[in-house]
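Subject: Structure for your review

Hello,

I am handing over the structure below. My notes on what was found in it follow.

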Amino acid sequence: MGFPWDAMCISRTGTNYGPRAIRDASDQFSFFNANRDLDLSKHYKMADCGDVHVNPGAAVQTMARAEKMVEKIIESGAMPVTIGGDHSITIACVRAFAKKYKGAGLVLVDTHFDTAIDFDGEQLSHTCPIARAVDAGFDPKRIALVGIGGWLNPKSERDYAVEYGIKVFSVEDIWEQGAAEIAKQAAKVASNGTGDVYLTFDIDSIDAAYAPGTGVSTPGGMNSREAITMAYELGKMGISGFDLVEVSPSWDSDGITSRLAVRLILEVLAGNAQK
């Protein structure tokens with residue numbers, strides 16, 4: 001499902017074109033991975049549910065539409081995979097997810113905490129998805145934030161994570177311990193006592209050299225191999241919902257960010273198929 005929305009973005013715009021760019025890039029990929037001898041079409045029946053009908057001037061209305069759309073997907077017995085869009089799109093997804101799955105876990109892969117209570121009074125900002133997830137019913141003790149950068153976050157968002165007991169894995173943790181190990185530790189946090197985990201993956205967790213096409217390009221984020229490993233290993237924890245956000249093709253270089261986004265989606269699905 002596409003959610004072409006960037007009205008809540010406080011940085012460079014253009015993520016509303018992310019779903020289109022990722023779909024276009026996906027034409028270059030197969031559901032079969034020759035190195036793993038894995039055919040995703042044998043594990044999933046996939047359908048493109050189209051895009052959320054957005055109203056650029058009405059965030060509350062648009063979020064409500066998206067939430068209902070995700071609810072319908074979940075009620076059908078399917079796993080929603082949502083392509084953004086700025087990171088506020090996760091708010092609609094986790095609200096729908098929390099209605100179905102009580103006490104669920106959550107993993108955020110991002111260079112930012114995204115724990116803001118609001119941004120200048122706006123509670124649907126793309127700085128707020130984790131705070132809104134907690135409001136929706138996610139247990140903070142089952143939330144893990146992965147890839148967080150030190151110079152790109154306000155103290156108030158770090159303090160929120162500390163106050164609520166949210167586990168934080170920095171990008172330095174990934175450098176020192178490796179992506180696979182940190183993914184396993186994050187999965188342990190999120191899946192503790194629950195079989196229902198939501199994963200949200202922000203492309204800006206990846207170094208700008210590998211993912212320039214985003215609103216806040218990150219110097220010193222994960223490289224593409226670390227991100228691919230992270231996506232695959234997190235998929236293996238078993239997920240019931242997933243989104244990938246913040247691809248902004250207008251800032252991309254030769255479509256490399258969109259193609260990496262497709263690879264990450266496939267890796268999450270592959271990990272989940274082999275859990």
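A residue is called buried here if its relative accessible area is under 20%, and exposed if over 50%. Please keep in mind that this is a predicted model.

Helix α5

By that cut-off, E157, Y160 and A161 are buried in helix α5, which spans residues 155-164. These residues lie on the same side of α5, because the arc they cover around the axis is only 95 degrees. They pack against α4 (129-136) and β7 (167-170). K155, S156, V162 and E163 sit on the other side of α5 and are exposed. After α5 comes G165, which has a positive phi, near 70 degrees.

Helices α8 and α9

Two packed helices are described by the angle between their axes and the distance between the axes. For α8 (residues 224-235) and α9 (residues 256-273), the axes come within 6 Å and the crossing angle is roughly 30 degrees. Angles under 35 degrees count as roughly parallel, so α8 and α9 are roughly parallel to each other. The crossing of α8 past α9 is right-handed. On the α8 side, the contact is made by S224, A227, I228, A231, Y232 and G235. On the α9 side, L260, R263, L264, E267, V268, A270, G271 and N272 take part. Sorted by class, this contact of α8 with α9 has eight nonpolar, four polar and two charged residues.

Helices α7 and α8

Helix α8 also has a contact with α7. The axes of α7 (residues 179-190) and α8 come within 8 Å and cross at roughly 30 degrees, and this crossing is right-handed. From α7 the contact has A179, A180, I182, A183, K184, A186 and A187, and from α8 it has E226, T229, M230, E233 and L234. By class, eight nonpolar, one polar and three charged residues make up the contact of α7 with α8.

A loop residue

K45 belongs to the loop between β3 (38-39) and α2 (59-75). Is K45 buried or exposed? Its relative accessible area is 89%, so K45 is exposed. Between K45 and A186 there are 28 Å in space, C-alpha to C-alpha, and the two are 141 residues apart in sequence. A186 is one of the α7 residues in the contact with α8.

Regards

Methods:
Residues are numbered from 1 along each chain as its sequence is written. This is a predicted model: local features need pLDDT of at least 70, side-chain atom pairs count only at pLDDT 80 or more; totals for chains, interfaces and linings use all residues. Side-chain values use heavy atoms; hydrogens and water are left out. Axes are lines fitted to C-alpha atoms, for helices over the stretch in contact, and angles run from 0 to 180 degrees between N-to-C directions. Helices (H or I, at least four residues) and strands (E, at least two) are DSSP runs, numbered from the N terminus. Angles under 35 degrees count as roughly parallel, over 145 as roughly antiparallel, 65 to 115 as roughly perpendicular and the rest as oblique. A crossing is left-handed if the near helix is turned anticlockwise from the far one by less than a right angle, and right-handed if clockwise. Contact means heavy atoms within 4.5 Å. Ala, Val, Leu, Ile, Met, Phe, Trp, Tyr, Cys and Pro count as nonpolar, Asp, Glu, Lys and Arg as charged, and the others, Gly among them, as polar. Buried means under 20% relative accessible area, exposed over 50%, partly exposed in between (1.4 Å probe, protein chains only). The arc is that of the directions from the helix axis to the C-beta atoms.
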